[in-house]
Amino acid sequence: MNKNPITVLAAALLLGLLAACSSTPVPEQSAAAVEERTPGSTAPAKPPSPPPPSSSATTKPVPPPQVIPANPLKDPANILSKRSIYYDLDSDAVKEEFRPLVQAHAKYLVENRNAKMLIQGNCDDRGSREYNIALGQRRADGVKRMLLLMGATEAQVESVSMGEEKPRCTADQGDACMAENRRSDVLYGGEY
Amino acid sequence: MTVRKLIFALLLLCAGLAHAQLTIEITGAGANQIPIAITRFGGEDALSQSISEVIEADLQRSGRFKMLYAGNVNPLPAEINQVSFADWKSRNADALVIGAVSRLPDGRFEVRFRLLDVPKQVQLGGVAYAMTAAQARTTGHRIADYVYEKLTGERGVFSTRIAYVIKQGQRFELQIADADGRGAQTALASREPIISPAWSPDGTRLAYVSFENKKPVVFVHSLTTGQRQAVANFKGSNSAPSWSPDGKQLAVVLSRDGGSQIYLVNADGSNVRRVEASGSIDTEPYFSPDGQTLYFTSDRGGSPQIYRMNAGGGAATRLTFDGSYNVSPRPSPDGKLLAYVTRNAGRFQLATLDLASRQSQVLTDTQKDESPSFAPNGRIILYATEIGGRGVLAAVSSDGRVKQRLSVQAADVREPAWGPFTAN
């Protein structure tokens, strides 16, 4: 309640009004408090100066725009928004370039013990659909093992396989296209 | 081998079903085809569906008959004493099917047919059925089954059904159709993939894998009630259902204890038990017809190969050795042959392995064969392949001679499963 900017501002205004009667210089402080809540704002709303006692004009507080912190899992600037690990042909080894990604997700799971994760392994469409489920499972299991070694718990992580059923690229049968389909996708609770 | 090309474009009688209609194209011909003529049935014009056409198309599709011209017969014979055998002899017919349709007082129809041996000028058999007008196709299939069995000594599969999955845009449908692709009905529609349909031995239920829960889950679905139940929905992936011949349990592949391993589960989802424990991929279990053996795919030897083991577990025996990719084993109904998919120079092709002689034979010349399924009489193997970038179903006689292709306009068809014989 106390941290609500509107409450703070209303309090500042009240203090300001009181200041008109007493002589305690508080508006300066309240202005600073409001500034803190609008970082990067180009035109922060200044708290109104207390009206001169002779004036008939009234003022209304204008609260600064509220800043909602970005969800790290969705923030494009955050590595946690990167959700796919790609593989070489016939391989379930997580390549070095994807290690930081796995580490970041492991750290998130460690710091958020209530967070749950689903890892979906995927394959290109060559060969048997059922065998490809098994291959995708091996990819997802590999990522899960890394996450557990990095501190995530068994209860947080489920590894499953979508086999060849959820291709990201369906445009053609070329190698580049199929490479997009050899991947593990990371989903958090609420996303699946 | 003489290779003829016959094209059967089945007319789309019902525009509403057009999207679901399988069209069948046949290539190749069997050896020792029986020359047969099927006359129009007198009185069948009263039906919207000609019965004699259904019989002719069925027998034609089997590849085991040579269809002879049966027109220009007046009047149409209904009994043996009305048949001019000299005429049929001159048309080189060995067998002749005649029949008649008449309206019964209760509004139904009686369909009578006679199967005749032309050289011997004798009747081989005949049956009369009482049916509604809507049962004309079903009756035609039953007559074709009768003729097929009398003349080949093997049971016909024209009255059986097939299941398959259609993908149209982002929509998946599990469909059931007659063996000729007609009369398709959608048992399940989903926005998520459906794979691996498997018929219960009595033909009343289908097990399959659905991805509707963002992961593979095994369901058992009653076709008569439309009710279904998740029978394997454990942590991890649940897939590859295969019915035991008594219909009481399913072999499934679960990853709940790590890796992909084979388990048995009762058909109601109870009593899950692990069959084996290996550090490798073990998947695609399939019961032998006697229920004693499980065939499966494993990469325990470094590449995916086909093995078999006792259905209760125990040591496994490797069955395939040629090539580095042999998967999807399906034993024939008599247990003598194994259909599977093999990779040859980047092409995935349907092959059979004679389990006694260990001789293997590649049956197709397509590139992306998958999911073989034997007809219940063992004569035909239905499978999925790709032609022109589109998923189609294809069928090949188990000796590789006769080939058929079944496609649906503007949709991918995949994951075929041939249903069991239906009780007549």
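Predicted model: local features only at pLDDT ≥ 70, side-chain atom pairs only at ≥ 80, totals over all residues.

Trainee: Got it. In chain A, what share of the contacts between residues at least 6 apart in sequence join residues at least 24 apart?
Mentor: That share is 63% in chain A. For chain B, residues 24 or more positions apart account for 45% of the contacts with a separation of 6 or more.

Trainee: How many helices and strands are there in chain A?
Mentor: Chain A has five helices and four strands. Along the sequence they follow the pattern α-α-β-α-β-α-β-α-β.

Trainee: And what about chain B, how many helices and strands there?
Mentor: Chain B has three helices and 31 strands.

Trainee: How much of each chain counts as buried?
Mentor: In chain A, 28% of the 192 residues count as buried. In chain B, 50% of the 424 residues do.

Trainee: What are the dimensions of the box that the C-alpha atoms of chain B fill?
Mentor: Taken along the principal axes, the box is roughly 70 × 45 × 40 Å.

Trainee: Let's turn to where the chains meet. How many residues of chain B are in contact with chain A?
Mentor: 27 residues of chain B are in contact with 18 residues of chain A.

Trainee: Which elements give two or more residues to that side of chain B?
Mentor: They are strand 11 (194–199), strand 15 (238–243), strand 19 (282–287) and strand 23 (326–331) of chain B. By class, the side of chain B that touches chain A has eleven nonpolar, eleven polar and five charged residues.

Trainee: You mentioned strand 19. Which residue in that strand has a positive phi?
Mentor: B:Glu284, which lies in strand 19 of chain B. Its phi is about 55°, although B:Glu284 is not a glycine.

Trainee: Is B:Glu284 buried or exposed?
Mentor: B:Glu284 counts as buried, because it has 33 C-beta neighbours inside 10 Å and the cut-off for buried is 20 or more.

Trainee: What about B:Gln121, where does that one lie?
Mentor: B:Gln121 is in the loop between strand 6 (109–117) and strand 7 (122–131) of chain B. Phi of B:Gln121 is near 55°, a positive value in a residue other than glycine. With 13 C-beta neighbours inside 10 Å, B:Gln121 counts as partly exposed.

Trainee: While we're on the backbone, which residues does the cis peptide bond join?
Mentor: It joins B:Asn74 and B:Pro75, with omega about -5°. B:Pro75 sits in the loop between strand 4 (65–67) and helix 2 (85–90) of chain B.

Trainee: Changing topic to helix packing. At what angle do helix 1 and helix 3 of chain B cross?
Mentor: Helix 1 (residues 51–62) and helix 3 (residues 136–152) of chain B cross at roughly 45°, and their axes come within 8 Å. The two helices are therefore oblique to each other. Their crossing is right-handed. Among the residues that make the contact are B:Val54 and B:Leu59 of helix 1 of chain B, and B:Ile143 and B:Val147 of helix 3 of chain B. By class, this contact has nine nonpolar, four polar and two charged residues.

Trainee: And in chain A, how far apart are the axes of helix 3 and helix 4?
Mentor: The axes of helix 3 (residues 99–111) and helix 4 (residues 129–149) of chain A are 9 Å apart, and the helices pack at an angle of about 55°. That angle makes helix 3 of chain A oblique to helix 4 of chain A. The contact is made by A:Val102, A:His105, A:Ala106 and A:Leu109 of helix 3 of chain A and A:Val143, A:Met146 and A:Leu147 of helix 4 of chain A. Six of these residues are nonpolar, one is polar and none is charged.

Notes:
Residues numbered from 1 in each chain as written. Chains lettered and ligands numbered in written order. Contact = placed C-beta atoms within 7 Å. Nonpolar A, V, L, I, M, F, W, Y, C, P; charged D, E, K, R; others polar. Buried ≥ 20, exposed ≤ 12 C-beta atoms within 10 Å, placed from the backbone. Axes fitted to C-alpha atoms, helices over the stretch in contact; angles between N-to-C directions. Parallel < 35°, antiparallel > 145°, perpendicular 65-115°, else oblique. Left-handed = near helix turned anticlockwise from the far one by under 90°.
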